[in-house]
Amino acid sequence: MEHRRIETNGTELHVTSGGAGPPVLLMHGWPHTWQVWRPVLPLLAGARRVIAPDLRGLGDSARAADGFDAATGAEDMLGLLDALAVDRADVVAIDAGVPAAFLLGALHPDRVGTSAEIVERLRADAAVQEVDELRLELP
């Protein structure tokens with residue numbers, strides 16, 4: 001696995017990546033870091049290009065005073081995919097990573113393949129509320 005820092009969307013994100021094949025973006029929750037995915041990285045990297053960032057302000061990513069909303073998180077991930085020259089990725093998200101993953105797919109459906117979101121009921125309600133507030137017109 002390779003570790004690097006990537007500037008995107010006004011911040012700098014730490015990302016762990018490796019493997020070869022169709023890319024999969026792994027988005028952790030709160031208060032996790034990329035290391036929550038550590039047990040599955042070797043399994044996935046045998047068949048997939050694994051991308052596991054530390055989300056904004058967490059882990060080895062730059063400290064941030066703001067930008068912890070789902071829309072900013074989605075744009076962070078879009079910028080990360082751009083910086084890594086990834087046109088389309090499957091996305092797996094847990095916990096606090098779910099609202100941003102949901103919006104990434106809703107706002108940029110051409111960039112997200114399959115999306116698996118593991119969420120608690122409270123988080124699902126927050127994601128729906130944020131989408132309603134943004135008044136998205138989904139295709």
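1. Let's start with helix 3, which lies across strand 3, strand 5 and strand 6 and runs at about 155° to strand 6. Helices here are DSSP runs of H or I with at least four residues, strands are E runs of at least two, and both are numbered from the N terminus. Contact means heavy atoms within 4.5 Å. Axes are lines fitted to C-alpha atoms, for helices over the stretch in contact, with angles from 0 to 180 degrees between N-to-C directions.

2. A word on the source: this is a predicted model, where local features need pLDDT of at least 70, side-chain atom pairs count only at pLDDT 80 or more, and totals for chains, interfaces and linings use all residues. Residues are numbered from 1 along each chain as its sequence is written, and side-chain values use heavy atoms, with hydrogens and water left out.

3. Now the sheet: six strands form an open sheet in the order 1-2-4-3-5-6, with mixed pairing. Strand 1 (2-8) and strand 6 (112-118) are the edges; each has a single partner strand, so one side of each lacks a neighbour in the sheet. On average, neighbouring strands are turned by 25° against each other, direction ignored. Two strands count as paired if DSSP finds at least two bridges between them.

4. Look at strand 3 (residues 23-27) and strand 4 (residues 49-53): they run parallel and are joined by three bridges. V24 sits opposite V50 in strand 4. Helix 2 (residues 70-83) packs on this sheet, touching strand 1, strand 2 (11-18), strand 3, strand 4 and strand 5 (89-94), and its direction makes about 115° with that of strand 1.

5. There are four salt bridges in the structure, each a side-chain nitrogen of Lys or Arg within 4 Å of a carboxyl oxygen of Asp or Glu. One of them pairs R56 with D76 (2.8 Å, N to O). R56 is in the loop between strand 4 and helix 2, and D76 is in helix 2, 20 residues apart. R56 is buried at 10% relative accessibility, and D76 is buried too, at 2%. Buried means under 20% relative accessible area, exposed over 50%, and partly exposed in between (1.4 Å probe, protein chains only).

6. D82 and R111 also meet in a salt bridge (2.8 Å, N to O). D82 lies in helix 2 and R111 in the loop between helix 3 and strand 6, so the pair ties together parts 29 residues apart in sequence. D82 is partly exposed at 46%, whereas R111 is buried at 13%.
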